Amino acid sequence: MKLSRTVSYALQATLHLAQLNSGEPVPSSRLASEGRMPERFLLQILRTLVAHQILSSTRGVEGGYVLGRSAERISLLEIVEAIDGPIVPSLPSAEGLPGKTRQKLEAVLAEVADRTRLQLGAISLAALLPERPAATSERASFGTQRIADSARRIAVRGPQSRSAEPLAVTAKTI
């Protein structure tokens, strides 16, 4: 599974807010600079996450973003689908395949999509946080590497086949 850059930024921002866990609004400029993300692009992502009630926003000088609910109650599935839409099987071009083959392929892809949704739905933001509080210097360098490392540890099992190897979930390198 390949995560889009937009999803990667959304995960970075939400994980950063979950790790801070201060309850104080964090300005988008701080999220952008600490996560090394373009602020204009991040603002669009943050608005989407607010619209999906994953984040809450506060206006004004002391304004910013906080998690809309506890990190234990926000799943990776919610973030991925808020940004990229529902995870559904997609076979854009297979007209050249025989009907039965195409049906079997569509059934396998539907099973993979279902399993992916179940796996991502079972993983909360809290599960990806370090077990002990991070040092200040570590928080300052919070970014793509932490997301990529966490995502690599998540395995999504595909349909049962001769090869029982899991499909690795990886973050797109930024």
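Q: What makes the reach of H1 close to the expected span?
A: In this predicted model, H1 has 16 residues and reaches 22 Å from its first C-alpha to its last. The expected span of a helix is 1.5 Å times one less than its number of residues, and for H1 this expectation is 22 Å. Helices are DSSP runs of H or I with at least four residues, strands are runs of E with at least two, and both are numbered from the N terminus.

Q: Why is H1 called mostly covered?
A: Buried means under 20% relative accessible area, exposed over 50%, and partly exposed in between, with a 1.4 Å probe and protein chains only. In H1, 14 of the 16 residues are buried. In the protein, buried residues make up 37% of the 174 residues.

Q: Why is H1 described relative to H3 as roughly perpendicular?
A: The axes of H1 (residues 5-20) and H3 (residues 39-51) come within 10 Å and cross at roughly 70°. Angles of 65 to 115 degrees count as roughly perpendicular, and therefore H1 is roughly perpendicular to H3. Axes are lines fitted to C-alpha atoms over the stretch in contact, with angles from 0 to 180 degrees between N-to-C directions.

Q: Which residues of H1 and H3 meet?
A: Thr-6, Tyr-9, Ala-10, Ala-13 and Thr-14 in H1 meet Phe-41, Leu-42, Ile-45, Leu-46 and Leu-49 in H3. Contact means heavy atoms within 4.5 Å.

Residues are numbered from 1 along each chain as its sequence is written. Local features need pLDDT of at least 70, side-chain atom pairs count only at pLDDT 80 or more, and totals for chains, interfaces and linings use all residues, while side-chain values use heavy atoms, without hydrogens and water.

Methods:
Angles under 35 degrees count as roughly parallel, over 145 as roughly antiparallel, 65 to 115 as roughly perpendicular and the rest as oblique.
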